[in-house]
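Happy to walk through this one with you.

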Amino acid sequence: MMRIIDELRDAESIAISGHQRPDGDCVGSVMGLYLYLKKELPGAVIDAYLERPADIFGCISHIEEIKSDFNTERTYDAFVALDTVPDRMGGASDIYLKARKKINIDHHVSNPGHGDVSVVEPERSSTAELLYELMDPEKIDGEIAKAIYIGIIHDTGVLRYSNTSPRTLQITAELIKFGFDFSQIIEETFYERTYRQTQIMGRAVLESMRLLHDRCIVSVVSRRMMEFYRVTSKDLDGIVNQLLSVKGVDCAILMHETGTQEYKVSMRSKGAVDVAAVAVKFGGGGHVRAAGCTMNGTYRDGINNLCGLIAEQLRDK
Ligand code: AMP
Ligand code: MN
Ligand code: MN
């Protein structure tokens, strides 16, 4: 397997980025690689670009160095895209397009490959796990380990989802040898919720409905609701998983309003439904059991369109 450093050794300037609304895997991967390259290539300019990460990621060292203003005159020698396709980079996509060498590292089945060097391994639990394999384990320190650990923990639901492999556990075993307080990290970045996050989760659960003979559960969070509870998109993480945990449900959908007649859709499946295939039909992507897309129009039309495709998949199961 290639070593990331061999692709970047000659670069004097390197930009690293991920996707819009960065999740734990995205933030952990970007920061893990950022810290690694700062150490390995001390003479190079290394910049990490990402929308402002949620406060829970404040435990990652140097996270305040992330640039959330994407306006730059610089043309980077290399750009490393983590956990994303160019379409989903938001403000960083212009920086990507201008960069001389483009490197793509991802684990989404829906990533068709892009750039000059492309490593896409859909069987990997997380981009963070894949990134670890591209690093020299001797060069990893406690701070890098912590960032990568957070990436793996978040995309595997704390080593619980079916994307967790023996290799995932071997890598996390190596990482926790650095001695950081993994128990506290899991509690504070994964399980802990603010009161307002808990309230909107309760509201979304209360207003959910089951469709397709109770095999699909759907909830919609409007902008008014988000204003009422004073929450943003970031505060809705975990709700769709909560919906999926209902007994008998095969598939869960959470839609939240991001603009006029615009909804961000999150889907989760227990395995019978391939939600990535559904998301791809609407310009999104993801994995078999976790995927997302953005839909325009009323939420009723959105639900009808999504459920139509899900019903087709469930028909012969
Ligand atoms: P989410 O529901 O936003 O947590 O996303 C679930 C999974 O699908 C994650 O792995 C995301 O990276 C992926 N995903 C979500 N939205 C999109 C999108 N528009 N395009 C590609 N992948 C997505
Ligand atoms: Mn992600
Ligand atoms: Mn990921």
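Donors are N, O and S atoms within 2.8 Å of the metal. Keep in mind that this is a predicted model.

Q: Why can Asp25 and His107 be said to tie together separate parts of the chain?
A: Asp25 belongs to helix H2 (residues 24-40), while His107 sits in the loop between strand E4 (101-106) and strand E5 (117-120), so the pair links parts 82 residues apart in sequence. Both residues are buried.

Q: Which residue bridges the manganese ion (ligand 3) and the manganese ion (ligand 2)?
A: That is Asp83, and the two ions lie 3.6 Å apart.

Q: Why is the pair of Tyr149 and Phe182 called edge-to-face?
A: The ring centres are 6.4 Å apart, with 65° between the planes. Pairing needs centres within 6.5 Å and edge-to-face needs over 60 degrees, so the label holds. Tyr149 lies in helix H5 (residues 142-155) and Phe182 in helix H7 (residues 182-191).

Q: How do you know whether Tyr149 is buried or exposed?
A: Its relative accessibility is 4%. Buried means under 20%, so Tyr149 is buried. Phe182, at 36%, is partly exposed.

Q: What makes Lys102 sit over the ring of Tyr96?
A: The charged end of Lys102 is 5.7 Å from the ring centre, and the distance limit is 6 Å.

Technical notes
Residues are numbered from 1 along each chain as its sequence is written. Chains are lettered from A and ligands numbered from 1 in the order in which they are written. This is a predicted model: local features need pLDDT of at least 70, side-chain atom pairs count only at pLDDT 80 or more; totals for chains, interfaces and linings use all residues. Side-chain values use heavy atoms; hydrogens and water are left out. Donors are N, O and S atoms within 2.8 Å of the metal (3.2 Å for Na, K and Ca); water is not among the atoms, so sites may look incomplete. Helices (H or I, at least four residues) and strands (E, at least two) are DSSP runs, numbered from the N terminus. Buried means under 20% relative accessible area, exposed over 50%, partly exposed in between (1.4 Å probe, protein chains only). Rings of Phe, Tyr and Trp (its six-membered ring) pair if their centres lie within 6.5 Å; planes under 30 degrees apart count as stacked, over 60 as edge-to-face and the rest as tilted. A charge sits over a ring if NZ of Lys or CZ of Arg is within 6 Å of the ring centre and within 35 degrees of the ring normal.
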